[in-house]
Amino acid sequence: MDLSPLSQISIASWVMAATAVFLMGVSKAGLKGMSIFNVTLMALAFGSRASTGLIVPLLIVGDIFAVIYYNRHTQWKYILRFLPWMILGIFVGVLIGKDLPEQEFKWGMVTVIFISLGLLYWWDRRKTEHVPTHWLFAGSMGIMAGICTMIGNLAGAFTNIFFLGMRLPKNEFVGTAAWLFFITNTFKLPFHIFVWKTVTEETLLINLRLLPAILVGLFLGVVIVKKINEKNYKRFILIVTAIGAIAILFK
């Protein structure tokens, strides 16, 4: 992976990365919907391909916290229904992303970001109380989530749609998603190390420097999730994510 030595990483890149990791911590603490913004900032800081592997160990740190904090709310029947399809999607993502050139990788990330935004906006406007039960719903969402989590850590929109479709209450939603992402992020880590080679000793040193940011985000997120205005938050995420996706293209 082509990353500059630590001493050559710009202050602006460190600021964007620390902000992304802080927001990642807030998200893992229960304020869902931040993943697209995190990925955007990390891609701006370190490049589209490099950032996909660099962020995985930090995601696992956040997952461990979320699993411990929300474990009692986990609904395993939904994980078992969704996980096999997501694992299949990860294998597809490994094959798609291994030799994909940086420019195409960048365009792929931006495309997924805008599709994810559209899906989240569409689902948020739906008023139906119907709970999808056909295997095709879990299968299609799971495969897309697996592909997107591998090529850009962007599974959030598809997993959110699935869990929203199941009408899970807030705590059950967060607790179930926590275990799902802990399992899948741990599963895809070896692919980043041995196949894509996007996790290296150098990226782990970067992770160590960013670790305080995610810890602060995790603990503050527990407080923020209880107080933030959900409606304004969703609008904010949609706007800044779209801006960030466009910015990636001009990086």
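## Where H4 meets H9

In this predicted model, the axes of helix H4 (residues 56–70) and helix H9 (residues 170–195) come within 8 Å and cross at roughly 150°. Helices here are DSSP runs of H or I with at least four residues, strands are runs of E with at least two, and both are numbered from the N terminus. An axis is a line fitted to C-alpha atoms, for helices over the stretch in contact, and angles run from 0 to 180 degrees between N-to-C directions. The crossing of H4 and H9 is left-handed (the near helix is turned anticlockwise from the far one by less than a right angle).

Who does the touching? On the H4 side, the contact residues include Val56, Leu59, Ile60, Asp63 and Tyr70; H9 brings, among them, Trp179, Phe181, Phe182, Lys188 and His192. Contact means heavy atoms within 4.5 Å. Sorted by type, the residues of this contact come to 14 nonpolar, five polar and two charged (nonpolar: Ala, Val, Leu, Ile, Met, Phe, Trp, Tyr, Cys and Pro; charged: Asp, Glu, Lys and Arg; polar: the others, Gly among them).

## The whole chain

Step back, and the chain shows eleven helices and zero strands. Of its 251 residues, 53% are buried (under 20% relative accessible area; exposed is over 50%, and partly exposed is in between, with a 1.4 Å probe and protein chains only). Among contacts with a separation of 6 or more, 88% join residues 24 or more positions apart. The accessible surface is about 11700 Å², and 70% of that belongs to carbon and sulfur atoms; the areas come from the Shrake-Rupley method with a 1.4 Å probe.

## Two loop residues with positive phi

Most residues other than glycine have a negative phi. Asn153, in the loop between helix H7 (135–152) and helix H8 (156–165), has a positive phi near 55°. Asn153 counts as buried because its relative accessibility is 8%.

Lys197 also has a positive phi, of about 55°, and sits in the loop between H9 and helix H10 (201–224). With 48% relative accessibility, Lys197 counts as partly exposed.

The chain averages a pLDDT (the predictor's confidence in each residue, from 0 to 100) of 85, and 86% of the residues score at least 70. Confidence is highest in H4, at 95, and lowest in helix H11 (residues 230–249), at a mean of 67. Where pLDDT is low, the predicted coordinates should not be read in detail.

Local features need pLDDT of at least 70 and side-chain atom pairs count only at pLDDT 80 or more, while totals for chains, interfaces and linings use all residues. Residues are numbered from 1 along each chain as its sequence is written, and side-chain values use heavy atoms, with hydrogens and water left out.
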